[in-house]
Amino acid sequence: METDLAPDLETLHHEASALKVKADAAVRTYDRETWIRLALVFFPIPFVVLLVRLHLEAWGYYAAGGFLIASVALLVRLDGAAAAKRDSAVRAADGAQQAYDEARAARNAP
């Protein structure tokens with residue numbers, strides 16, 4: 001009976017380890033890309049407005065503000081999709097680890 005559980009337990013352990021590595025990679029990717037997205041939205045537009053502020057007409061400020069709002073909306077949408085992907089990977093890793101822990105506990109139970 002214990003020999004039947006051993007391969008399954010090893011398989012669950014390898015699967016949990018692999019999913020943990022993928023989840024860690026997804027978290028690192030999300031963190032890195034989030035900073036890049038933030039920098040691409042919140043740096044160029046105000047910087048350009050600052051550079052050309054003496055030559056900018058009133059409508060230019062409205063256009064820059066509208067572009068900034070549209071960029072923020074796009075950022076929120078992209079960040080939501082990236083966060084959902086990251087959360088999915090973390091949930092899968094947690095589920096696999098929980099299944100492995102339960103199988104190991106069932107094997108060690110009298």
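In the predicted model, the chain contains three helices and zero strands. Read along the sequence, these elements follow the pattern α-α-α.

The overall dimensions of the chain were examined next. The C-alpha trace spans about 80 × 15 × 15 Å along its principal axes. The radius of gyration of the chain is 24 Å, whereas a compact globule of 110 residues would have a value near 13 Å.

Contacts and surface were then considered. Of the contacts in the chain with a separation of 6 or more, 84% are accounted for by residues 24 or more positions apart. Buried residues make up 18% of the 110 residues. The accessible surface of the chain amounts to about 8,200 Å², and carbon and sulfur atoms contribute 66% of this area.

Thr34 is located in helix α1, which comprises residues 2-42. The relative accessibility of Thr34 is 15%, and this residue therefore counts as buried, since the term applies to values under 20%. The side chain of Thr34 is also joined to the side chain of Asp79 by a polar contact of 3.4 Å.

How values were computed
Residues numbered from 1 in each chain as written. Predicted model: local features only at pLDDT ≥ 70, side-chain atom pairs only at ≥ 80, totals over all residues. Heavy atoms only, no water. Helix = DSSP H or I, 4+ residues; strand = E, 2+ residues; numbered from the N terminus. Rg over C-alpha atoms; globule rule 2.2 N^0.38 Å. Buried < 20%, exposed > 50% of the residue type's maximum accessible area, 1.4 Å probe, protein only. Contact = heavy atoms within 4.5 Å. Areas by Shrake-Rupley, 256 points an atom, 1.4 Å probe, with all protein chains shown as cover. Polar contact = N/O pair within 3.5 Å; in protein donor to acceptor, adjacent residues only side chain to side chain.
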